[in-house]
Amino acid sequence: MRILIVEDDKLLASALADLLEARGFETETVWDGESGAAYGELGVYDLVILDVMLPKMDGRQVARQLRERRCGVPILMLTARSRVSDRVEGLEAGADYYLPKPFDARELIACVNALLRRQGGQVDELRWGNTGLDLAAGMLSCGDRQVRLSAREFGVMRHLMRSGGGNVSKEALLERVWGFESNAVENHVEVYVGFLRKKLRSIGSDVRIAAVRGLGYHLEVEET
């Protein structure tokens, strides 16, 4: 599970990341609202933890923009403002839950788990053809054969499986798997797609990663 933390208090953001990673979540942190909106719109996160008071764009604006762009990611909003009117405003902006500061770590984790359950976040496997991708273990499996994926291989495969057979561009994969600040180039995507093709063949998968010039990659099931 991948969680985006949007919090300008870097000590709190670091503490949140440590807390979540200790429980098996993968986290990424940004420190202003504009970055939070841009990252949130990528569609690669299972949950967004969003502070209200942020530079450049406040949390309510971020939540509203994500909902306007039809991004359905669950949003857990954090704020020192605890008045009923503040909570109502946050929920109306698009937040799924509003947690006032200070909060107990146990309550935060309970909220995260509840939101993931509500949104189907506990799905632990994606399937395509005769092949499954274990989201917790990072394993590709076909029947009784399986192979472990590296973090980059897992990221690419997960996005291809979630695309519903639609094309995913190399640029999108770079942004979603390597991140905005990475120095990776399109050749890196090609290399990891090559690794995945070999691993799919090694387990007898009927899934093929097809390339379309100028459009990127999509998954196909080979007919037998």
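The model is predicted, so to speak of local features a pLDDT of at least 70 is needed, side-chain atom pairs count only at pLDDT 80 or more, and totals for chains, interfaces and linings use all residues. Residues are numbered from 1 along each chain as its sequence is written, and side-chain values use heavy atoms, with hydrogens and water left out.

**The largest pocket**

- Two or more lining residues come from each of β2 (26-30), α6 (151-162) and α7 (170-178); helices (H or I, at least four residues) and strands (E, at least two) are DSSP runs.
- Helix α6 gives the largest share of this lining, seven residues.

**The four-strand sheet**

- An open sheet has the order β6-β7-β8-β9, with antiparallel pairing; two strands pair if DSSP finds at least two bridges between them.
- Strands β6 (125-128) and β9 (145-148) are at the edges with a single partner strand each, so one side of each has no neighbour in the sheet.
- Three bridges join β7 (residues 131-134) to β8 (residues 139-142), and Asp134 has Met139 in β8 as its bridge partner.
- Helix α6 packs on the sheet and touches β6, β7, β8 and β9, where contact means heavy atoms within 4.5 Å.

Definitions and conventions:
Axes are lines fitted to C-alpha atoms, for helices over the stretch in contact, and angles run from 0 to 180 degrees between N-to-C directions.
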